Amino acid sequence: MKILLVGAAGHVGGVARAELEARGHSVVSASRSTQPGADTSDPESIAGLLEAVGRIDAIVVAVGSAAFKPVTELTRDDYMSAFVSKALGQVEFVTQGLDYLNDGGSITVTTGVLSREPVPTAAAAALVNGAVESFVISAAPELPRGIRINAVSPNVLANSPHFHDAFAGMVPVTDEQVAAAFVRSVEGNVTGRVISV
């Protein structure tokens, strides 16, 4: 398969890329710094990337950021920035990407444990993760031409020990577990799923 992977420079995206390439797929990696690149907060930038890459069998998006602050300190701008970066950015790859996906293709977006488990200072990230997951569930039955959509939602990563204290009592997940979730979304037959890891 020819797969567009956005966010390949990040850890989660890098894990997905390595496994998908190991399984024989042709992965076109994109980030803000690649050529072609994409700024997920800019629909025109996304359009330019898709046009440059052309026809594809799958899109994987593993990008987005949010402010981590106590809920009493989060501002409207913090919430808007998170929503534009992680929610609308990923949704834009769905709405525009349909024109480039081959029949039976797939779209995989990325969320995380914060949509289902409370963590201190993570309210903005939880908001956008939940929004993206709800979108996936609702959009899946309406996608044309057999195109599937899923969200991969990992827990805190085992190889990110600097975050473990914030995720007290949660069991970190390995790169192999995260990679398997992306493979299931891309190569499997599920759709409308939040694949929790």
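Helices (H or I, at least four residues) and strands (E, at least two) are here DSSP runs, numbered from the N terminus. On that basis the protein chain has five helices and six strands, and read along the sequence these follow the pattern β-α-β-α-β-α-β-α-β-α-β.

The structure is a predicted model, in which local features need pLDDT of at least 70 and side-chain atom pairs count only at pLDDT 80 or more, while totals for chains, interfaces and linings use all residues. Residues are numbered from 1 along each chain as its sequence is written, and side-chain values use heavy atoms, with hydrogens and water left out.

The strands form an open sheet of six in the order E2-E1-E3-E4-E5-E6, with parallel pairing, where two strands pair if DSSP finds at least two bridges between them. Strand E2 (26-30) and strand E6 (193-196) are the edge strands, each pairing on one side only. Inside the sheet, strand E3 (residues 56-61) and strand E4 (residues 101-110) run parallel and are joined by four bridges, and Ala 58 has Ser 106 in E4 as its bridge partner.

| Helix | Lies across | Angle to E1 |
|---|---|---|
| H1 (residues 11-22) | E1 (2-6), E2, E3 and E4 | about 165° |
| H2 (residues 43-53) | E1, E2 and E3 | about 155° |

A nonpolar core is a set of buried Ala, Val, Leu, Ile, Met, Phe, Trp, Tyr and Cys residues joined through side-chain atoms within 4.5 Å, and buried means under 20% relative accessible area, exposed over 50%, and partly exposed in between (1.4 Å probe, protein chains only). The largest such core has 31 residues, and those with the most contacts inside it are Leu 4, Leu 49, Ile 56, Phe 93 and Ile 107. Leaving aside its neighbours within four places in sequence, Leu 49 is in contact with residues including Leu 4, Val 6, Ala 30 and Phe 93. A second, separate core of 22 residues includes Ile 3, Leu 157, Val 178 and Ala 179.

For the chain as a whole, buried residues make up 48% of the 197 residues, and the C-alpha trace spans about 45 × 35 × 35 Å along its principal axes. Among contacts between residues at least 6 apart in sequence, 70% join residues at least 24 apart.

Notes: Contact = heavy atoms within 4.5 Å. Axes fitted to C-alpha atoms, helices over the stretch in contact; angles between N-to-C directions.
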